[in-house]
Protein chains: 2
Amino acid sequence: MAQAKNQLLLGTFVQSKTRRELEYLHDAAIAVDKQGRIAGVETGSGNVDAAKTKLLESLGWSEDEVDVHACMPGQFFFPGFIDTHVHASQYPNVGVFGKSTLLDWLEQYTFPLESSLKDLAKARTVYTACVQKTLAHGTTTAAYYATIDVSATNLLADLCLSLGQRAFIGRVCMDRPNFCPDYYRDESADESVKATMETIEHIQKIDANYDLVSPIITPRFAPSCTDELMGKLSALRHEHNLPVQTHISENEGEVKLVAELFPGKGSYAEVYESHGLLTPRTILAHAVHLTEAEASLVAARQSKVSHCPCSNSSLTSGQSRVRWMWEKGIEVGLGTDMSGGYSPSILEAARQAALVSRHVAMGAEDDESRERCKLTVEEVLYLATRGGAKVVGLENKVGDFEVGKQWDAQLVSLANVRDDGTRDGEADAGNVDLFGWETWEERIAKWLFNGDDRNTKMVWVNGRLVHSRP
Amino acid sequence: MAQAKNQLLLGTFVQSKTRRELEYLHDAAIAVDKQGRIAGVETGSGNVDAAKTKLLESLGWSEDEVDVHACMPGQFFFPGFIDTHVHASQYPNVGVFGKSTLLDWLEQYTFPLESSLKDLAKARTVYTACVQKTLAHGTTTAAYYATIDVSATNLLADLCLSLGQRAFIGRVCMDRPNFCPDYYRDESADESVKATMETIEHIQKIDANYDLVSPIITPRFAPSCTDELMGKLSALRHEHNLPVQTHISENEGEVKLVAELFPGKGSYAEVYESHGLLTPRTILAHAVHLTEAEASLVAARQSKVSHCPCSNSSLTSGQSRVRWMWEKGIEVGLGTDMSGGYSPSILEAARQAALVSRHVAMGAEDDESRERCKLTVEEVLYLATRGGAKVVGLENKVGDFEVGKQWDAQLVSLANVRDDGTRDGEADAGNVDLFGWETWEERIAKWLFNGDDRNTKMVWVNGRLVHSRP
């Protein structure tokens with residue numbers, strides 16, 4: 001998977017420094033080696049040419065041995081987005097949910113579609129479209145749910161590898177007869193584990209060190225899993241040292257159902273805890289209705305949360321409290337949660353995270369907590385990148401432009417409005433109109449609120465160019 | 001403004017029949033005469049060719065005398081969108097609002113920008129970009145606020161006329177010294193009225209019958225207007241038989257301020273009522289925090305409401321209750337409310353109206369009212385078209401495809417995913433991926449949730465093609 005040449009990226013780089021702060025590196029140069037690793041970052045030279053020369057010298061690289069990519073004025077490099085919760089198999093249903101809420105939505109829209117992907121030709125069409133579309137939106141890493149079908153799940157892993165998206169591939173486990181429909185259910189806990197092993201082994205064959213694609217243990221969520229299955233999946237996780245993904249407390253009806261199905265357990269989180277599924281490498285999607293005690297437990301186990309605002313609003317699930325989770329010590333990232341969420345875009349998820357935080361604020365008791373609930377532009381872009389990297393356990397590998405990390409990045413381009421009110425350059429530069437007087441902070445805010453895949457001109461994963469827009 | 005030829009549109013037409021129902025006319029033909037009026041609609045012929053022949057015959061038009069435009073498979077015609085509340089002057093600030101709420105947002109972001117548009121070159125750049133951008137998003141009618149500057153406001157009217165967008169042009173009136181800043185305020189009520197008259201007279205000169213562009217009386221909102229000004233504007237409205245637009249109950253701080261500034265009045269709505277500004281041709285933007293009594297008053301006066309969900313979420317203003325207003329008997333349309341709202345798109349406003357209605361539902365007391373709060377795909381698209389037409393008082397002229405109405409329409413095109421997961425046709429067909437099995441209802445839902453200006457291929461106003469996408 002090595003690239004033919006070392007690479008040099010020149011221009012403006014924007015990244016999350018902390019939750020509160022974006023860092024703007026202007027007139028900078030970043031060197032990426034053939035393994036896609038950031039070999040050097042040069043920022044203090046005052047102009048791009050000087051930065052380039054200095055960086056090449058320091059690495060002992062000669063200019064004719066590197067591929068150079070320089071930003072045009074107004075463009076900038078940004079870390080690739082990380083989608084911490086997405087059902088690739090539900091992609092064809094984006095936007096189609098009627099007035100449903102979680103449990104009827106599963107039955108009416110979701111299980112039938114997922115089940116149909118045992119048709120491998122259909123699975124190829126759907127998964128290819130999903131991976132290409134999310135890459136085009138700058139998603140360089142995705143934590144995917146596939147379906148219960150092993151062949152189709154393995155195909156998703158193959159496609160991520162060939163199309164170049166960093167991915168966690170979850171073969172979905174669900175064996176509880178009274179919840180899962182007969183036509184879409186693992187026959188037993190043992191069959192579910194065996195099928196999961198087949199996907200693990202497949203991925204070991206195609207990407208032995210999980211450099212790009214990794215299996216992830218995926219008990220769908222407590223209502224769809226027997227205690228036996230959860231116990232066995234936990235053992236499998238331990239044995240193979242793998243991450244886990246599941247759902248928690250998305251919807252009030254679901255929370256009640258879990259209390260009925262698991263009467264001995266004190267809470268939804270305790271169900272997972274009792275099976276050893278709350279690990280530092282566990283991604284819990286939604287976490288809308290966590291109690292204080294559950295949040296403390298999740299924080300103590302260092303499990304992570306995937307916040308899915310598009311989905312939570314669409315399915316009337318509720319308003320997840322990101323600030324509250326942060327204050328509890330929980331790391332949070334963003335998920336598109338297609339097709340509970342309608343959009344393939346993590347930029348849209350970030351935008352909706354900002355808006356949903358304002359709906360949380362509307363319900364706050366006093367002005368101070370109202371203000372505190374609101375997430376800033378900087379904070380939602382942190383969720384989309386470095387927060388996401390922590391959630392999927394790759395914070396030492398991706399999420400920002402530190403030396404030693406992999407070059408998982410996107411080149412963003414905005415439109416300049418000319419004096420006559422029309423726009424510079426290409427015919428279709430999207431909806432972010434710059435008038436020339438904007439600060440960099442304002443440009444980023446404009447990108448957050450009106451940007452789309454048209455603004456993402458190039459996308460790299462592991463240093464490989466995996467998407468470019470003509 | 002007549003077109004050179006009669007026109008014939010062929011294919012699928014989708015429109016709101018009622019609030020609850022979209023009507024799908026397949027294999028249909030619509031004839032548009034040189035004045036842009038729908039001269040005939042033929043739907044029952046079974047195929048497009050038969051419909052075309054029958055319609056031409058019934059009108060006595062010969063085929064070589066008409067321009068024909070036929071949908072490609074999967075495309076459809078939809079009524080143009082109506083933006084019932086938009087500040088053209090704030091367009092450059094879309095997405096830029098930080099953590100502000102209404103009153104500090106006005107001071108920090110809005111008044112400085114609006115004031116700067118007295119520079120006519122800047123105004124031309126900004127207004128051209130705004131009109132072109134909203135046209136590209138399918139907005140065929142807009143109720144605009146400009147600024148207090150007469151020349152710039154008149155320029156906006158000129159631009160709408162030349163670019164072909166149906167528009168209401170509001171010269172902004174604001175004379176209250178203790179609220180409006182010194183640098184951006186009418187000198188007196190009389191000066192404000194005089195300036196408004198200059199815009200009325202200008203528009204009478206350029207579009208004598210207000211066929212495309214009409215003045216609209218625009219007291220900014222109660223806190224920025226003296227009683228004297230509101231009284232005089234009401235007289236002006238009456239004298240010239242003009243519509244009115246203003247804001248009401250957007251934000252709790254604003255509601256409190258109005259109570260302080262107008263201690264004699266029982267409510268915010270009563271302030272306008274007392275000056276005769278609540279008319280059947282009055283557009284009230286926001287109406288988030290109306291009391292029961294105010295809603296009854298607004299309904300009794302047949303005044304209309306512009307719902308601006310993007311804005312209300314962004315500025316943490318609150319959650320407007322569309323179903324509740326409907327049940328009170330108030331007509332509602334959608335507004336982008338740029339730049340309180342971040343998006344130039346009424347499709348985005350419709351999407352956010354659906355989402356915000358679910359946030360309203362989350363706060364409902366029981367399951368039944370929860371269900372009732374939610375707006376369907378059909379309902380938000382009604383708000384975007386026929387609802388909007390009623391709000392701006394043009395329901396006899398635009399909003400659907402009835403014989404006698406003007407051809408204000410858009411041609412919508414969605415992407416077909418091929419078997420290999422890539423997409424048919426053009427390079428950039430946007431984010432609405434069809435897999436071939438979707439019902440028409442599902443296609444429309446997908447368009448609502450992932451559509452953007454890329455899907456709006458052509459836009460007509462009064463039969464004139466005012467936007468097309470290569």
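**View 1. Asp452(B) and Arg454(A) meet across two chains of a predicted model.** Their side chains form a salt bridge, at 3.8 Å from N to O. A salt bridge is a side-chain nitrogen of Lys or Arg within 4 Å of a carboxyl oxygen of Asp or Glu. Between chain B and chain A the count is 8 salt bridges. Over all chains, the structure holds 60.

Residues are numbered from 1 along each chain as its sequence is written, and chains are lettered from A in the order in which they are written. In this predicted model, local features need pLDDT of at least 70, side-chain atom pairs count only at pLDDT 80 or more, and totals for chains, interfaces and linings use all residues; side-chain values use heavy atoms, leaving out hydrogens and water.

**View 2. Chain B touches chain A.** In contact are 67 residues of chain B and 67 residues of chain A. Contact means heavy atoms within 4.5 Å. The two chains bury about 5,200 Å² between them, 54% of it on carbon and sulfur atoms. Buried area is the accessible area (1.4 Å probe) that two parts lose on being put together, summed over both.

**View 3. Helices of chain B supply residues to the side that touches chain A.** H3 (120-136), H10 (309-314), H12 (346-362), H13 (367-373) and H15 (440-450) each give at least two residues. H12(B) provides the largest share, 9 residues. Helices (H or I, at least four residues) and strands (E, at least two) are DSSP runs, numbered from the N terminus.

**View 4. Lys133(B) pairs with Asp433(A) in a salt bridge.** Their closest N and O atoms are 4.0 Å apart. Lys133(B) lies in helix H3 of chain B and Asp433(A) in strand E18 (residues 433-434) of chain A, so the pair joins two chains. Both residues are buried. Buried means under 20% relative accessible area, exposed over 50%, and partly exposed in between (1.4 Å probe, protein chains only).

**View 5. Arg185(A) and Asp182(A) form a salt bridge within chain A.** The N to O distance is 2.7 Å. Arg185(A) is partly exposed, at 23% relative accessible area. Asp182(A) is exposed, at 66%.

**View 6. Arg37(B) and Asp33(B) form a salt bridge within chain B.** Here N and O are 3.3 Å apart. Arg37(B) is partly exposed, with a relative accessible area of 35%. Asp33(B) is buried, at 11%.
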